[in-house]
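Me: Please examine the structure shown below with me, one question at a time.

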Amino acid sequence: MPALDRTVPSDLPAPLSGWFAAQGWAPHPHQLDMLQAAGDALLIASTGGGKTLAGFLPTLAAACAGDMAQGLHTLYVSPLKALTHDIARNLARPVAELGLDLRIEDRTGDTSATRRARQRVDPPHILLTTPESLALMLSYPEAPRIFKGLRRVVIDEIHALAESKRGDQLMLGLSRLRTLAPGLRVAGLSATVENPARLARFMGGAEVIRADPGPAPDIAMLQVSAPPPWSGAGGAYAARDVMRAISEARLALVFINTRAQAELFFQALWAVNDTNLPIALHHGSLAREQRRKVEAAMAAGELRAVVATGSLDLGLDWGDVDLVLQIGAPKNIKRLVQRIGRANHRYDTPSRARIVPANRFEVLECVAALRAVEAGELDGDEDAGQGGRDVLCQHLMLLACAGPFDADAVYAEITQVGPYAGLSRADFDACLDFVATGGYALRAYDRWQRLVQRDGLWHLRDPRAARDIRMNIGTIVAPELLSVRRGPRGGAPLGEIEESFAASLLPGDTFLIGGQTVRYDRLRDMVVEVTPQPTREPKIAVFNGLKMATSTELSARVLALIGDRDAWGALPAHIRDWLALQAEIAALPRPGTMTCESFLRAGRWYFALYSFAGRNANQTLGLLLTHRMETAGLAPLGFVATDYALLIWSLEPVRDPAPLLDARGLRDGLQDWLAENAVMKRTFRAVATVAGLLQRNLPGQRKSGKQATFSSDILYDTLRKFDPDHLLLQITRREAMRGLADFGRIEEMLRNRSAIIHSRAPHVTPFAAPLLLEAGRIPIRASGSERLLEEEAARMMAEAGLTLDGLGATRGT
Amino acid sequence: MSICRFQFHGQDFTARPSGALYWPAQGALMVADLHLGKSERMARRGGALLPPFESLATLERLDAELAASGAQRLICLGDSFDDDMAREGLGAAEDRLRALCQRHAVIWVAGNHDPAPHGLAGVQVDEMHIAGLYLRHIAGEGPDISGHYHPKFRVLGQRRRAFLLGAQHLILPSFGAYTGGLDHDDPALRALVPEGIAIVTGQRAHAIPFKAALQPQR
């Protein structure tokens, strides 16, 4: 424990400095800086740096000074529900020990309706919530009264929020709060980022306070006894080595990229847990009760290891964690460093992290990533750019739910926050028009407008619509989830699975959830009913595929490593053999070339292109090349893009890639191909849901609605034909382009890398093996899929011995 | 072959990739569940303001199908309008609909969404009996041709509108632009067509046999 070795400044109220002393702690300089900040502040500190306490110090100081009236004083917003719960628990201790009369409550989607109703009438001093719950609160007519006395807003993990539409939504909420509570001060809390000034701009301006980064983290690859497999992402081969590392640590966190992988890895660990160490599993698909139990056990020091996905890694109370194990490549370097963080209260000791590559390709990635960390290079931050206009549409609807508003005042309000500072009045008016009338070229809804202007103010035409609007709040367009319960009639909840996964199950299929194998029995009333079946191997173990992008910087480092035989000395021997095998069967990618290969597998031709140009560039190449392949009659069926490579599968082989990769005429006839692509349609679905054109499927409605829902693709096609300049299509095009590289850049890359190396491999190559398992496949619905359907239909008719004449004519069947 | 010819109770039919059914012996094109005016009805009820082009889009497709098939008669198997009031709010699509009714002899079968008279040219009936087959909105005593359920069929990871062809019932997919659908193995459809042939629509019409999966005992 650090000794109390500095003079406590006079502006830390005596009870607080006394409390610090009683813990044996000294306040960190950045915590005191946050207390002294005159206006809005942004704290940049790594995990375990006492960030959250720094955010709350001014509130605690005000309470100690008796400077706290009734009503809401501090609003804390975090991206994770679990975090609000955790913070409530952590704050309770100092508040109790300081003898403060402070009411602290959380409010999330999990909070009961009665409690939420009471909070609207009688808000606590400190309210802990999420961006969505804040948006909901702002939509109530009582919002001005609730937030009138608000003094502070603490935004936790703001770096994570700033990367998504949730951040846009939060900033719009903040713009409203600033109007309702003019003296408000905002504290943003962020993990280490490359460009803090950009994050400060996102907040609408703030003083940047940096914590001492502390000693460099101790990161290395875990020594394993067997080489990793060629492909796969589970890491099960290293279960024994991981178990040994856990047994040597006090408390280990084992991170793995997806929920399905967490399930499988937990099982693999359990199988080699010879000494029965207490280890647990934690991920977002598990039932809330189960997650809470694990969190509590972890806080109480009852566990030795927790296997977790992203649901735990955003700054939960790490207690006495002294080892972080990362299974699978960390994808981007920044994420790795943020993840590793530091154990609480041990700010001066370096954190220890060990990476376990899940396949051989990931060994390369790990070696490259570790070199980047040594060199102190973080990945560049994504420039968030302008806030989503679909989010603004939703915000305008919510404002109308709270009461009539003046468009000029709202425009002035929202342009104060970073994401909307550059929004033109014309763009704002287009959003308002969409919300009010639908914004269509054909003015069809004059009688049924959603918002109407009276006396200069915009009102909801039908106040009863407020309920539906509130139900559709939020910017996360997640796949539909179904809850999984044991046995018929309200058995114990085990967690949630995606609807599409549930649809793929047949009665009797077994899958893993919550660390146990269960058998699918039936789907009833939107609940998946299962029976535990411990003895059976899970038949199906794929759900919730989550795709994370590696940075372009890391991709370039991996290519450089492959291309530089002198650097291979840093690689384990089995990796050197594996690289040599790739060179023998096909070719090793070299910087400055387009290295590609073709092979046949299970009746499909595969074409893999190793550009190492980043996911956006490969995604774009996928769209461009499949277009050319369709035109050339190669019948492409789909593609998947990673940071390193592009894999396309088709019914006919690519014999000569040169015409496909010719920079000339790349954009010819491309418009329709792009517009009809699945990337576009997925984007439209998300945009239309956020903007309020599509209603989210809500549990109660879905039971009855037999023909109620229709696909958003139909709306997309209709708009494209009849109203191509509609606001939602403009937003869709813009957002889809964010996931794609600029065509100019692609043309330049193709011109600069005109050396094309194409190998015809006899079978799957070492490099292509992991690509076959990639998530995020983009289907191509064109001549190839139609041909397959025709063949399948003919096959099934022949198999059934059926013809199309005489059905029902004479026979009884 | 992009269309699909088949026989049902001794009559020849052609399933078209659009979801329309052509009956050569009667010179008739049959469609089900146009749901004209759906977006207006949703807006009127305070729901989403959907792109108000679906009536126009549906009628354009219907016009094209009538021209391509050469049919003189049009038989709409019910739910032609999303509700009785939707008949009044067609806006720009109204003229197109009237012109279509001038060019063709139309038989309007009443559906559950549009039971009332709508005053358009043509004949309005609750159901009718032609060549030994009943034409009605909701399948009843067979053999009959009907709509109502908006059948869909899943194949190779796709979910497409489909004709369902069983021993006693021939059920048409919905023709309207903004209409969802019901899977062929939904209990409601399984009760009518437990096994038979689905003719999936899209770029081409493909016939695929099916037998509804047995449900586990409850």
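**Contacts and confidence**

Me: Leaving aside neighbours within four places in sequence, with which residues is I155(A) in contact?
Reply: Two residues are in contact if their C-beta atoms, placed from the backbone, lie within 7 Å. Beyond four places in sequence, I155(A) is in contact with V77(A), L161(A), L170(A), V186(A), G188(A) and L189(A).

Me: How should the model and its numbering be read?
Reply: Residues are numbered from 1 along each chain as its sequence is written, and chains are lettered from A and ligands numbered from 1 in the order in which they are written.

Me: What is the mean pLDDT of chain A?
Reply: In chain A, 85% of the residues score at least 70. The average pLDDT of chain A is 82.

Me: How many contacts does the stretch 541-549 of chain A have beyond near neighbours in sequence?
Reply: Over residues 541-549 of chain A the pLDDT is below 50. Where pLDDT is low, the predicted coordinates should not be read in detail. In the model, the number of contacts for this stretch beyond near neighbours in sequence is 27.

Me: How many residues of chain B are in contact with chain A?
Reply: Chain A contributes 47 residues to these contacts. On the side of chain B, the number is 42.

Me: Which element supplies the largest share of the side of chain A that touches chain B?
Reply: The largest share is 9 residues. These come from α32(A).

Technical notes:
This is a predicted model: local features need pLDDT of at least 70, side-chain atom pairs count only at pLDDT 80 or more; totals for chains, interfaces and linings use all residues. Helices (H or I, at least four residues) and strands (E, at least two) are DSSP runs, numbered from the N terminus. pLDDT is the predictor's confidence in each residue, from 0 to 100.
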